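Okay, thanks for coming, everyone. Let me put the model up, and then I'll talk you through it.

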Amino acid sequence: MLSKTTEYALRSIVYIAMADAEGKRVGIKEIANELELPAHFMGKILQDMVRKGVIASVKGPNGGFFLHRPANEINLLEVVRIIDGLEAFKKCGMGMKQCSDKHPCPLHDEIKAYRDRLLQVFRDKTIQSLVDDIKTGKYFIKNQSEEVLKD
């Protein structure tokens, strides 16, 4: 449902928030290496998020990306909206242009319930809540190493 761009943006902003909580700023190369994401693509995504006010950056030796608002004030829907827009929460599951409650496709009710629930999750979850989840050790934003997958 989410584009690769939005997936990468969410993972990177959580990584930035974790570093920011420790008073650190992180660069594109570090984010790309740690999260195994393409650096060039990450640069474009991060600069877009800076332009749209979700994160901030400073150039220079002590530079890097950081949050300029508290992580508990940034919900996932804001990130999804600035990257992909909210069209995914309105689209017909069968591609009809005029699908609605008054003129539904055969999947309308089921898809609408799913979309509405997902929209609510993205509204309720903040970057801070994802950081807190990761700190429990139960959730991750980094891929598992090959060795761990073999066990």
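This is a predicted model: local features need pLDDT of at least 70, side-chain atom pairs count only at pLDDT 80 or more; totals for chains, interfaces and linings use all residues.

Residues are numbered from 1 along each chain as its sequence is written, and side-chain values use heavy atoms, with hydrogens and water left out.

Arg-51 and Asp-48 pair at 3.6 Å, N to O. How far apart are Arg-51 and Asp-48 in helix 3? They are three residues apart, so about one helical turn separates them. (Helices here are DSSP runs of H or I, at least four residues, and strands are runs of E, at least two, numbered from the N terminus.) Is Asp-48 buried or exposed? Asp-48 is buried, at 19% relative accessible area, whereas Arg-51 counts as exposed at 62%. The cut-offs are under 20% for buried, over 50% for exposed and partly exposed in between, with a 1.4 Å probe and protein chains only.

As you all know, side chains of opposite charge can pair when their charged atoms come close. By our rule there are eight salt bridges. One of them joins Arg-69 and Glu-78, at 2.7 Å from N to O. Arg-69 is partly exposed at 23%, and Glu-78 is buried at 13%. Asp-133 and Lys-125 make another, with their closest N and O atoms 3.2 Å apart. Both ends are partly exposed: Asp-133 at 23% and Lys-125 at 28%.

**The overall layout**

Let me zoom out. The protein has seven helices and two strands, and along the sequence they run α-α-α-β-β-α-α-α-α. Take the C-alpha atoms along the principal axes and they fill a box of roughly 60 × 45 × 30 Å. Of the 151 residues, 35% are buried. For contacts, meaning heavy atoms within 4.5 Å, I looked at pairs with a separation of 6 or more: residues 24 or more positions apart account for 62% of those.

**The core**

In soluble globular proteins, nonpolar side chains tend to be buried together. I'm calling a nonpolar core a set of buried Ala, Val, Leu, Ile, Met, Phe, Trp, Tyr and Cys residues joined through side-chain atoms within 4.5 Å. The largest one here has 38 residues, and Ile-13, Ile-31, Met-49, Ile-55, Val-79 and Ile-127 touch the most other members. Two or more residues each come from helix 1 (4–21), helix 2 (28–35), helix 3 (39–51), helix 4 (76–83), helix 5 (108–124) and helix 6 (127–135). Which helix gives the largest share of this core? That's helix 1, with nine residues.

Setting aside neighbours within four places in sequence, Ile-31 is in contact with Ser-12, Tyr-15, Ile-16, Val-26, Glu-36, Met-42, Leu-46 and Phe-65.

Next, the cysteines. A disulfide is a covalent bond between the sulfur atoms of two cysteines, and the test is a pair of those sulfurs within 2.5 Å.

While we're here, look at His-108 in helix 5. His-108 is buried, at 6% relative accessibility. Not counting residues up to four places away in sequence, His-108 touches Cys-99, Ser-100 and Asp-101.

Last stop, the surface. The protein exposes about 9,500 Å², with carbon and sulfur atoms supplying 52% of it; these areas come from the Shrake-Rupley method with a 1.4 Å probe, and for residues only the protein chains shown count as cover. Leu-107 sits in the loop between helix 4 and helix 5 and is partly exposed at 36%.

Note on methods:
A salt bridge is a side-chain nitrogen of Lys or Arg within 4 Å of a carboxyl oxygen of Asp or Glu.
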